[in-house]
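Let's take a walk through this model, chain by chain and contact by contact. Have the structure open as you read.

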Amino acid sequence: MQSPWLYIGLFLLVGIIIPIIPIAFSALVAPKKPNPIKQSTYECGIETVGDSWVQFKAQYYVFALIFLIFDVETVFLFPWALAINALPFFAVAEGVLFILILIAGLSFAWRKGMIEWV
Amino acid sequence: MDASQVIFILSAALIIASAVMVVSTRNLIQAALWLIATLFGVAILYAVLDAGFLAVVQVVVYIGAIAIMFIFAVMLTSKDMRDKGPQVNASWPGAALLGLLTFGGIFVILSKWDGLGKLPGEIPGGADALLAKLGVALTSPELFVLPFEVASILLLAALIGSVYVAMNKK
Amino acid sequence: MSFWTDPIKVVYDGLMLLLTGWGLSGAAANVISSLLGILLLITGAMVLDIMLVWVERKVVARFQGRLGPNRVGPYGLFQPFPDIIKLIIKEDITPDGADKVVYNMAPIISLGSVIFLWAVVPLASTIYGVDLNVALLYLVAAGALGTLSIIMAGWSSNNKYALLGAFRQVAAMISFEIPMVVALLIPTILAGSLSLKVITEAQAGGRWFFWLSPLGAVLFLISAIAELGRSPFDLNEGESEIVSGYHIEYTGMKFGLFYAGELLHAFTFGGFLSVLFFGGWHGPWASQYPLLGVFYFVAKAMFGYWLIMWVKYTVPRIRIDHMLAFNWKFLTPVAFALLVVTAVVHSLLKNAGFWPYCFGLFFSNVLLGWITLEILRASTRRQRLAVEAPQPAAQH
Amino acid sequence: MIPLSWYLYLSAALFSIGLFGVLARRNAVAILLSVELMLNAVNINLVAFWRYGNTASMAGQVFAIIVFAVAAAEVAVGLSLIYSIYRRRNTVIADELDLMKW
């Protein structure tokens, strides 16, 4: 293949089609006898109360927030880590500084009790 | 019409169709899922443009982090997911007109420009060598070391600010 | 160039000759032979996945002092096939109020995100899907799709338990993704590349990255277990609390896809552990005979998979607050410290010769691990003293 | 071979759709979703101009990565503000946030 991305594209296509096959086959051979009880939401046999799409703890959101920032920063580190053999020590130190700024953010969140599960 | 053009047209159709769904779907979780389709189409375009690093970063950052954040935020801020009210405000025809005018304006300006038919040139050293060049460019003082460190400060500020705003109990 | 030294090339050339002989253009023949190769690779992975059901059940039985499957075929080897037939002919139930499209897409994306990983796995020196120059980030990207499938499954099922399980699992996955990405940066620094092929080749001659960065391997293993959602981090399952997590409403083959995805994911991460830290396909005579390399790779991946199973069946589930504190207050700082140490030692010693380089990296890792343990011990002692201290307010 | 104009027209269309979303949607989270569309349109332009211009310089790709960082910061702060407002006013409809309008 000339471009690896063409191969990746074909792979993604096939990789999505393969899991569809057993589901489609199952839809052909499996029995279909729906009834309201069977299709009701399963909550250990107790009747469902209220809406299922409930509001959840804000703490999950805060962790997602910290993750988002760290994810972007680690992406910045990949080109740096890759080219580290071609870099002078000064440039390596810049990457280290970048990481230290990242750690400062984490320690701030820690100090303020924002990564506690309340 | 060669293979890259077919890929472009398919992914452009995906991008435009799902972008229209993003701005018109009533259910916000579904709108976020449509946004993921758009972002995936843009990632395909990056791969076509020989920017493989950006293509995977698009998936990692946008789909893996930003879209997840949107889904979390939607679940956090709406008591009833199935919002019954209208999703667009009263001045939506004006907004549509403005959107069309923007597109038309860009179209007119672009059509007067003579660089439109330009074709991509050869990449010196091949597409695989770009990644190491990116790393050197990000950390060498003559090039982009300042944006690199400033981006770190920006993200630090965003982390502190957003966590403070989100957690402030008062 | 014979079949034994480069089997893929020989088969590929033969196929190209055959297809162009039929009057196809070069590009079309190329696409068709690539498609055949992809189908072969994915089918191989799926057959392996089916056998993993047997491996998993047998190993858990042995851990618990049972026999495990032993009726169908020799040693119960054909047990997975009745399992699959049962899953296929089971009625598929979609709960009321579910978002049907998203509900059906979730298991497909879940298994797909695992299959995608196999595109970049180097099975042997010449046997691999594609040599992608951003393979490590591709791995993280496929993991992001897995996270997405969980949130889709949990949200679309219209079930409180499913939503809660999905959020727990997603919180765990995204949290542990940070130390995992940082652990991935360590082989990147050592090999100077993001391509798994180059990373494997850099470990030739027993120069495994495990010797250069044992702490990195441990960090990768821990965060991989959390990423897989396996015990002790299986909060999404939590049978006694939230029934079964995000796939509670799924039945039949759709549940089967989640299950198959989990098993193959665990094995694939065992494979990545072997590629990144244990030399991948390297072994005696592996570079001459690539098929032997495939054997070494699968054996090492099985070892990684067995480590993951060992942890799973030995350690009890931990609480979610403990898990997130473990990640953000221990694993992430240690991972970043290791990254800094590795980067500095690597760039200082890269021209100092082979042995100083290796010893420098190894002992800096050991030193960092020892310092971490000392800090942990001191902080635990402080906590214990605070608990044990007599409390004056409690008197009278 | 794809001419440069295709990318530019696509990006203009995506930008316009995003602009419509920002101006027309009532829910503040949906407005941020539309802003993401606009940022992606910008990024397509940056990468296309990099590829069709001087590929020896990495400026286009570096700019695109900076846009990723800016988008992440924007989403983090924006969604936190929306959540904060939601806790005080119990609404995320942008039209109802008219405290400043007297």
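What follows goes from the chains and their contacts to the core, and then to a few loop residues.

A word on ground rules: this is a predicted model, so local features need pLDDT of at least 70 and side-chain atom pairs count only at pLDDT 80 or more, while totals for chains, interfaces and linings use all residues. Residues are numbered from 1 along each chain as its sequence is written, and chains are lettered from A and ligands numbered from 1 in the order in which they are written.

Start with chain A, which has four helices and zero strands. Reading from the N terminus, its elements go α-α-α-α. Helices here are DSSP runs of H or I with at least four residues, strands are runs of E with at least two, and both are numbered from the N terminus. Of the 118 residues in chain A, 45% are buried. Buried means that 20 or more other C-beta atoms lie within 10 Å of a residue's own; with 12 or fewer the residue is exposed, and in between it is partly exposed, the C-beta atoms being placed from the backbone.

Chain B comes in two pieces, domain 1 (1-81) and domain 2 (128-170), with bounds that come from an automatic or database domain assignment. The C-alpha centres of these two domains of chain B are 23 Å apart.

Now for how the chains meet. Two residues are in contact if their C-beta atoms, placed from the backbone, lie within 7 Å. Which of the five pairs of chains in contact share the most contacts? That would be chains B and D. Their contact draws 74 residues from chain B and 59 residues from chain D. On the chain B side, H1, helix H2 (28-48), H3, helix H4 (92-111), H5 and H6 each put in at least two residues. Sorted by class, that side has 55 nonpolar, 15 polar and four charged residues. The classes go like this: Ala, Val, Leu, Ile, Met, Phe, Trp, Tyr, Cys and Pro count as nonpolar, Asp, Glu, Lys and Arg as charged, and the others, Gly among them, as polar.

Zoom in on one helix pair in that contact. Two packed helices are described by the angle between their axes and the distance between the axes. Helix H1 (residues 3-24) of chain B and helix H1 (residues 4-24) of chain D have axes that come within 9 Å and cross at roughly 10 degrees. That makes H1(B) roughly parallel to H1(D). The axes are lines fitted to C-alpha atoms, for helices over the stretch in contact, with angles running from 0 to 180 degrees between N-to-C directions; under 35 degrees counts as roughly parallel, over 145 as roughly antiparallel, 65 to 115 as roughly perpendicular and the rest as oblique. The H1(B) side includes Phe8(B), Ala12(B) and Ile15(B), and the H1(D) side includes Trp6(D), Leu10(D) and Gly21(D). By class, this helix contact has 14 nonpolar, one polar and no charged residues.

Chain B also touches chain A, with 40 residues of chain B meeting 38 residues of chain A. H6(B) gives the most to chain B's side, with 15 residues. Chains C and D, by contrast, do not touch, and their nearest C-alpha atoms are 15 Å apart.

Next, the inside. A nonpolar core is a set of buried Ala, Val, Leu, Ile, Met, Phe, Trp, Tyr and Cys residues joined through C-beta atoms within 7 Å. The largest one holds 264 residues, and Leu68(A), Ala32(B) and Ala72(D) touch the most other members. Helix H6 (residues 160-191) of chain C gives the most to this core, with 23 residues. Domain 1 and domain 2 of chain B both give residues to the core, so it lies between them. Leaving aside residues up to four places away in sequence, Ala72(D) touches residues including Leu68(A), Val61(B) and Leu155(B).

Finally, some loops. Val130(C) is found between helix H4 (100-117) and helix H5 (135-156) of chain C, and counts as buried because it has 23 C-beta neighbours inside 10 Å. Its contacts, not counting residues up to four places away in sequence, include Pro4(A), Tyr7(A) and Ala119(C).

Most residues other than glycine have a negative phi. Asp50(B), in the loop between H2 and H3 of chain B, has a positive phi near 65 degrees, and with 21 C-beta neighbours inside 10 Å it counts as buried. Tyr75(C) also has a positive phi, about 55 degrees, but is partly exposed, with 13 other C-beta atoms within 10 Å.
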